Amino acid sequence: MAPMNDLRSARIRLYVEQPLGEGQTVPLTGDQAHYLFAVMRLVPGDPVLVFDGKSGEWLADVVEAKKRAGVLVCRENTRPLQLPPDLWLCFAPIKKTRTDFIVEKAAELGAARICPVQTEFTNSERIRRDRLQAHAVEAAEQCGGTYVPEVADLQKLSDLLDAWPEGRHLMFCDEALVGAGQALGEAPKGPWAILIGPEGGFSETERARLRALPFAHPVSLGPRVLRADTAAVAALTVWQQALGDWG
Ligand code: SAH
């Protein structure tokens, strides 16, 4: 077991892409080295917590610290991998900073996958997937997660629904149900996805298709119309409380 002071002083958590294991050498990217050594002022011998999204969290030591390069060595496993529930967050991208917020909150609240979808009234035609993925990584690093949800490429809502995986339920957050008191209720366990529309809401065609889907559960998020970013956080919270890993 690592000395307690090492665990306590290892305040920095870093997501790395390479697989980790005891004694494993971890070369750092230029950005990671800059962050650890220039910003956080770590020196050889200092402890860092690292995770790869697959093997839990590891205590590692800095063995080489250069300006834009460096090496860590994994000492021991400190936490097992904790996967989130099998929950996707599907949402129509909105303004840049608000979309960043949605991705950050989805990673913190425990979504397994984040799927930006283009609906009829979606304001933005493009997303920076790498940028959004970096936000998910940062959120996992700071919230103590050992898993990073994957941010998928932007796809059309109709394409997503055409290829919908069998057995996955859909919590369809429908603004037309504002105040209808239609809660998630006694929903079945299993794989799920949440769907949040854009600022303009869903079109009537989309709503009709969504309501007719056998796997869709239309849900109201209360008596007020929420902004899409608020709605995403509220829906994730309600779902986690009812069916997720909070209990
Ligand atoms: N412009 C629309 C509102 C869109 S709000 C209107 O005025 O009706 C953006 C998204 O948040 C919606 O598409 C829906 O998915 C979700 N949302 C917001 N408030 C909601 C509520 N009270 N119930 C269910 N979904 C809601």
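A polar side-chain atom of Glu 175 is 2.7 Å from an oxygen atom of the ligand. The model used in these exercises is predicted.

**Exercise 1.** Find which residues have a backbone atom 2.9 Å from a nitrogen atom of the ligand.

Solution. 
- Step 1: Take Arg 224, which places a backbone N or O atom 2.9 Å from a ligand nitrogen atom.
- Step 2: Take Leu 226, whose polar backbone atom is likewise 2.9 Å from a nitrogen atom of the ligand.
- Step 3: Turn to the surface of the ligand, which exposes 560 Å² when taken alone; 85% of that is buried by the protein.

**Exercise 2.** Describe the residues that surround the ligand.

Solution. 
- Step 1: Count the shell, which holds 20 residues.
- Step 2: Pick out the closest, namely Cys 173, Glu 175, Glu 199, Leu 221 and Leu 226.
- Step 3: Sort the shell by class: 11 residues are nonpolar, five are polar and four are charged.

**Exercise 3.** Describe the largest pocket and its lining.

Solution. 
- Step 1: State the volume of the largest pocket, about 570 Å³.
- Step 2: Count the lining, 18 residues, with Tyr 15, Glu 17, Gln 32, Val 137 and Glu 141 nearest the centre of the pocket.
- Step 3: Sort the lining by class: eight nonpolar, four polar and six charged residues.

Conventions
Residues are numbered from 1 along each chain as its sequence is written. This is a predicted model: local features need pLDDT of at least 70, side-chain atom pairs count only at pLDDT 80 or more; totals for chains, interfaces and linings use all residues. Side-chain values use heavy atoms; hydrogens and water are left out. A residue is near a molecule or strand if one of its heavy atoms lies within 4 Å of it. A polar contact is a pair of N or O atoms within 3.5 Å; within protein, one must be able to donate a hydrogen and the other to accept it, and residues adjacent in sequence count only if both atoms are side-chain atoms. Accessible areas come from the Shrake-Rupley method with a 1.4 Å probe; for residues, only the protein chains shown count as cover. Ala, Val, Leu, Ile, Met, Phe, Trp, Tyr, Cys and Pro count as nonpolar, Asp, Glu, Lys and Arg as charged, and the others, Gly among them, as polar. On a 1 Å grid over the protein atoms alone, a cavity is a set of points where a 1.4 Å probe fits but cannot get out, and a pocket is an open set with protein on both sides within 12 Å along at least five of seven lines; lining residues have an atom within 4 Å of a point. Grid points are joined across faces, edges and corners, and a volume is the space filled by probe spheres set on the points.
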